[in-house]
Structure formats: C-alpha cells, structure tokens
Amino acid sequence: MSILERILEELSKTEKKEADLCKYVGINQNNFTNWKRRGTEPPATLLPLFAEFLNVSVDYLITGEEKEQYYLDPEAAALAQEI
C-alpha cells in the first residue's frame with residue numbers, strides 16, 4: 001500500500017474530508033487530486049503534517065506499521081510514560 005493510499009484509508013476511517021486535510025497542510029486540493037490521478041506520492045516534507053492531521057505517525061504513513069518510541073535518556077522515557 002502506498003503512502004497516499006494510507007492517507008486516504010485513514011481519512012475514510014474518520015469524518016475528516018480531503019478538503020480539510022489540504023487546508024490543514026496548506027496545499028491546494030488540486031495538488032491532492034493530481035497525486036491520486038497520477039498515482040504519485042506527496043512530498044516527504046508534508047508527511048509530518050498529514051500524520052498530525054490524521055493522528056498517526058509518519059512511520060505509519062511510510063511503512064503501514066506504528067513504531068515504538070525509543071528514548072536514549074531514561075528521564076525522557078519516564079516523562080513520556082506519565083503523559
């Protein structure tokens with residue numbers, strides 16, 4: 001499954017619309033439509049915004065799998081557990 005297919009799948013799971021996603025990311029909806037029509041992927045620089053809007057990780061958009069967060073600093077890991 002492609003990144004764009006995952007984005008579309010996540011949109012279909014929610015009541016969010018493509019137009020809302022495009023507005024949030026700051027792109028013209030025609031760009032999104034062109035990616036779908038051509039079968040191309042959105043620029044990598046936009047993936048964090050897509051992920052944020054869809055409440056998924058960038059890892060998920062790229063691989064289809066959520067990754068565990070790894071912390072080198074034990075204090076950071078403890079703080080993350082508290083959230």
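Is Lys36 buried, exposed or partly exposed? With a relative accessibility of 34%, Lys36 counts as partly exposed, since buried means under 20% relative accessible area, exposed means over 50%, and partly exposed lies in between (1.4 Å probe, protein chains only). Let us keep this scale in mind as we walk through the chain.

First, a word on the model. It is predicted, so local features need a pLDDT of at least 70 and side-chain atom pairs count only at pLDDT 80 or more, while totals for chains, interfaces and linings use all residues. Residues are numbered from 1 along each chain as its sequence is written, and side-chain values use heavy atoms, leaving out hydrogens and water.

Now for the overall plan. The chain has six helices and zero strands; both are DSSP runs, numbered from the N terminus, with helices (H or I) needing at least four residues and strands (E) at least two. Of the 83 residues in the chain, 27% are buried.

Where do the buried nonpolar residues gather? A nonpolar core is a set of buried Ala, Val, Leu, Ile, Met, Phe, Trp, Tyr and Cys residues joined through side-chain atoms within 4.5 Å. The largest such core has 19 residues, and Ile7, Leu21, Ile27, Phe32, Phe50 and Leu61 touch the most other members. Helices α1, α2, α3, α4 (47-54) and α5 (58-63) each supply at least two residues of this core, and α4 gives the most, with five. Leu61 is in contact (heavy atoms within 4.5 Å) with several residues beyond four places away in sequence, among them Ile3, Ile7, Phe50 and Leu54.

Phe32 also leads us to the aromatic rings. Rings of Phe, Tyr and Trp (its six-membered ring) pair if their centres lie within 6.5 Å; planes under 30 degrees apart count as stacked, over 60 as edge-to-face and the rest as tilted. The structure holds four aromatic pairs. One of them joins Phe32 and Trp35 edge-to-face, at 6.1 Å centre to centre with 65° between the planes. These two residues both lie in helix α3, three residues apart, about one turn of the helix, and both are buried. Phe32 also pairs with Phe50: their ring centres are 6.4 Å apart and their planes meet at 50°, so this pair is tilted. It links distant parts of the chain, with Phe32 in helix α3 and Phe50 in helix α4, 18 residues apart. Together, ring pairs link Phe32, Trp35 and Phe50 into a cluster.

Next come the charged residues. Side chains of opposite charge can pair when their charged atoms come close. A salt bridge is a side-chain nitrogen of Lys or Arg within 4 Å of a carboxyl oxygen of Asp or Glu, and the count here comes to two. In one of them, the side chains of Glu18 and Lys36 meet at 2.9 Å, N to O. Glu18 lies in helix α2 (residues 18-25) and Lys36 in helix α3 (residues 29-38), so the pair ties together parts that are 18 residues apart in sequence. Glu18 is partly exposed, with a relative accessible area of 21%.

Glu10 and Lys13 also form a salt bridge, with their closest N and O atoms 3.1 Å apart. Both lie in helix α1, three residues apart. Glu10 is buried at 9% relative accessibility, whereas Lys13 is exposed at 56%. Glu10 also touches Leu54, Val56 and Tyr60, not counting residues up to four places away in sequence.
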